[in-house]
Amino acid sequence: MDRYKKVKIYKTFLFLTILGTTSGQFAKGASFPTDDDVPMVTGEVERREDDQELQFKYHDHEEITRYLRAVSARYPALTALYSIGKSVQGRDLWVMVVSASPYEHMIGKPDVKYVANIHGNEAVGRELLLHLIQYLVTSYDTDSYIKWLLDNTRIHLMPSMNPDGFLISREGQCDTIHGRHNARRYDLNRNFPDFFKANTKQPQPETDAVKEWISKIQFVVSGSLHGGALVASYPFDNTPSARICRSSVLCSVFQSYAHTPSIAPDDDVFRHLALVYSNNHAKMSRGVSCKSGSQRFDNGITNGAAWYPLTGGMQDYNYLWHGCMEITLEISCCKYPPAHELPKYWQDNKQSLIKYLAEAHRGAHGFVMDENGNPVERASVRVKGRDVTYHTTKYGEFWRILLPGTYRLEVSGEGYLPQEVEFFVIDSHPTLLNVTLHSAKGHVQTRGDAPKRAKLTTSTTAAPRDLNLTIAFPED
Ligand SMILES: [Zn+2]
């Protein structure tokens, strides 16, 4: 496919605590209601919604809002509802957290996310995330795997990043671009800062909200749900050769590179993640083309740039700016298929949606601490041979999804002596890796000083600390 085919929180304020883990800027952003301040939801409408099963139909923005509020009222111990901002036309960009700890980050345990409907006319993912919410909350007590997942992961689900575009989209339209863009006609998946090429597009409110959100929470893995093809596409979406495309002549040269993969430092991991989705999907891994003449994908996966390069995409941004491994999931050949087909899409994707998120528990994770056992925030964490730097959170946490093997971790922080530690990753469970950084003060490093070897331990040292700031959520 080418690129185009291809809680009214009731009458009270809802107070929100910030879950900031990455950047130290906790003044605004991703916000969570505290346990104490969630108002009782007793409205008649919500009670009615609450009593009925989630239907297989397309839900408009108001219906989604009612549904999410009803779920948060019915499952207060497993869910929290928050808005990361508003669309151009003022619709809330809702996120529902599903977890055994919905209101607080679990220190040492990963946060993960799905974002759907960034293209307003690609509607299946929007409904699948509602069904995923329903499935997770109703399975917690009966399904030991779901219980384990929710006990050890915070799952943030955004059914629509582009509610304004969805509003003007039409059920049954498979291939048009009507509704793809936001209300100012910007393609939100071309609206992020780009590593390979300056993105001159004016940042949109929906994109700004997402940027702020993912700067506040260290998401470990993420999926962006799209429609119009059936494939799991992984970074990079853009390519260094895009930089030379400044004139028509150069652009024609560029076109000759257009189907060349743009290989990320973690290519092996991204391919694996894409395969987890594809192989757990009912048919994606067969790589059957959507219609005769359209592209087919071996094993149902592709490098983004090998399919077609694009500038300003969300997945490259997640990875390069925030160390979040995001892939793009094209889950329906038809962008906005008839509602009666939704049960099939849910069945096809259910296992993939769950198994993919669990990949956050693969590889190595741990804490970077100073000599006194205090967390070192924004320490640089690099796996030798992989030219990408991750940063620790305010709790000193880091996660590095890796396939089985032996690796070296290079850890450095301002004012500390750099450390290197060798570690191995196995398939069956993650490696816990705690690194102590020693102050550079008083230590004159001479040439030939070997980096200190860090200890490989299997103990968790961080004591949970409560989250900080409280802000008010505007009444609506
Ligand atoms: Zn799309």
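Which residues of H11 are buried? The legends below take this up after an overview.

**Overview of the predicted chain.** This is a predicted model; local features need pLDDT of at least 70, side-chain atom pairs count only at pLDDT 80 or more, and totals for chains, interfaces and linings use all residues. Residues are numbered from 1 along each chain as its sequence is written. The protein chain holds eleven helices and 19 strands. Helices (H or I, at least four residues) and strands (E, at least two) are DSSP runs, numbered from the N terminus. Of the 476 residues, 49% are buried. Buried means that 20 or more other C-beta atoms lie within 10 Å of the residue's own, with C-beta atoms placed from the backbone.

**View 1. Helix H11 and its packing.** Leu342, Tyr345, Asn349, Ser352, Leu353, Tyr356 and Leu357 are the buried residues of H11. They pack against strand S5 (111–116), helix H3 (124–139), strand S6 (154–158), strand S7 (219–226), helix H8 (267–280) and S10. H11 has a kink of about 45 degrees, centred on Asn349. That bend is the angle between axes fitted to the seven residues ending there and the seven starting there.

View 2. UniProt, in an unreviewed entry, places the feature "active site" at Glu330. UniProt annotations may be inferred rather than shown by experiment; positions follow the numbering used here, and feature names are shortened. Glu330 lies in S10 (residues 325–332). Glu330 is buried, with 27 other C-beta atoms within 10 Å. Leaving aside neighbours within four places in sequence, its contacts are His226, Gly227, Gly228, Ala229, Leu230, Val231 and Ser233. Contact means C-beta atoms, placed from the backbone, within 7 Å.

View 3. Six of the six residues of S8 (residues 229–234) are buried. Ala229, Val231 and Ser233 point one way; Leu230, Ala232 and Tyr234 point the other. In a regular strand the side chains alternate between the two faces of the sheet. S8 and S10 run antiparallel, joined by five bridges. Here Leu230 has Ile331 of S10 as its bridge partner. S8 and strand S9 (residues 301–303) run parallel, joined by three bridges. Ala232 stands opposite Ile301 in S9. Two strands pair if DSSP finds at least two bridges between them.

**View 4. An open sheet of three strands.** The order is S14-S11-S17, with mixed pairing. S14 (397–400) and S17 (431–437) stand at the edges with a single partner strand each, so one side of each lacks a neighbour in the sheet. S11 (residues 364–370) pairs with S14 in the antiparallel sense over four bridges. Gly366 has Phe398 of S14 as its bridge partner.

Definitions and conventions: Buried ≥ 20, exposed ≤ 12 C-beta atoms within 10 Å, placed from the backbone. Contact = placed C-beta atoms within 7 Å.
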